[in-house]
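Student: Could you walk me through one part of this model up close? I'd like to follow how the pieces sit together.

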Amino acid sequence: MSISSFIPPQRTLMGPGPSDVSARVLSALARPTIGHLDPCFVSMMDELKALLQYAFQTSNPYTIALSAPGSAGMEACFVNLVSPGDTVIVCRNGVFGQRMIENVVRIGAKPIVVDSPWGRAVQPQQLEDALKQNPETKFVAFVHAETSTGALSDAKTLCALAKQYDCLTIVDAVTSLGGVELRVDDWGIDAIYSGSQKCLSCVPGISPISFSEQATQVIKERDVPIQSWFLDQSLVMGYWSGEGKRAYHHTAPVNSLYAMHEALLMLKQEGIENSWKRHADMHKILAQGLDNLGLEFIVPEDERLPQLNTVKIPHGVNDAAVRALLLNEFNLEIGAGLGEFAGNAWRIGLMGHAARKENVALCLSALTTALK
Ligand SMILES: *Cc1c(COP(=O)(O)O)cnc(C)c1O
């Protein structure tokens, strides 16, 4: 067998993630690797924290980039905050809500599940009913942007309800961060995690997380030690903060963090509100075009994610054949259906750097050809 360098094809990524990474971010990745305790690297980490605080719209001092994908960010929030025996309300309206439940169960805590239909937002009234019926509840967890269905939930209202019943909130913002309005401090979110490869358009493998003062306090005061060594934030805290001195915990993915710094700087330079608006604007053009092609959205208009468009596959159309044609002839990736929607929906992403007019035009013309 003769093996040569791997040269990937140049694709346009319009699926559920990873999204297109800009040349600017890719070039940041190629800068010289330096030591992760080098003073230059430590000051870069401090800037990265400030940029993340901006992206999350928070002043939480504990705002860092976890050296692992979004799934690890999810696990970090649950294992650090939830102790065995705690009651946690989890709102489930897709695949990622289900994963939250699995986290709660593995900890030995008690999940109370609030179910909404696939393709719909979480219903605040149902959360309120569950909070009334389960006064021992300590945490409320939900997915802001359900990537498996394309539904956007009203995080502000859900968090306000949780606060009314003295619960801490755990929010999945993997797909929402940078793509739709999200205000950690104003909305009273206690623990939040995201991912690098969705609307931030960075390379996969990094998970931004942020904990409120109250959540940080819960971690410091735990009497049952956190079962995960790597995700134990009481240990990671010393790596990401401290005056000048940083204690070694693990080796940060040095170059990936350069890329994250660059992607977040681009977001800051664009302005977060402008980024939210760009996603909404591109979604409108795409939605109009999909409608002209006779493709039907699954999620009701006022609950739709601009950055993830879920449409029904028309009767008689071969799902796999269309996606293969888009990939092979147009170098265009769109997402297949997941979970309940497997085989009967497409998920078209407009995330971060991919949310541009030229991508919308490419997607619509490629779909027009494929559907003929
Ligand atoms: C992609 C995604 C995750 C998981 O992130 P990974 O980086 O793939 O581990 C979690 N939650 C939501 C809503 C996602 O879209």
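In the open sheet of four strands, what is the order of the strands, and what kind of pairing do they have?

Tutor: Before we dig in, this is a predicted model, so local features need pLDDT of at least 70 and side-chain atom pairs count only at pLDDT 80 or more, while totals for chains, interfaces and linings use all residues. Residues are numbered from 1 along each chain as its sequence is written, and side-chain values use heavy atoms, with hydrogens and water left out.

Now your sheet: the order is S1-S12-S13-S11, and the pairing is mixed. Those labels come from DSSP runs numbered from the N terminus, with helices (H or I) of at least four residues and strands (E) of at least two. Two strands pair if DSSP finds at least two bridges between them. At the edges you'll find S1 (12–14) and S11 (308–312), each pairing on one side only. Going from one strand to the next, the twist averages 30°; angles here run from 0 to 180 degrees between N-to-C directions, with axes being lines fitted to C-alpha atoms, for helices over the stretch in contact.

Five bridges join S11 to S13 (residues 345–349), and the two run antiparallel.

Helix H12 (residues 319–330) lies across S12 (332–336) and S13, and runs at about 160° to S12. Helix H13 (residues 357–371) packs on the sheet too, touching S1, S12 and S13; contact means heavy atoms within 4.5 Å. The direction of H13 makes about 85° with that of S1.

S10 has antiparallel partners: five bridges join it to S2 (residues 62–66), and three join it to S9 (residues 191–193). In those pairings, Ser207 is the bridge partner of Leu66, and Ile192 stands opposite Ser210.
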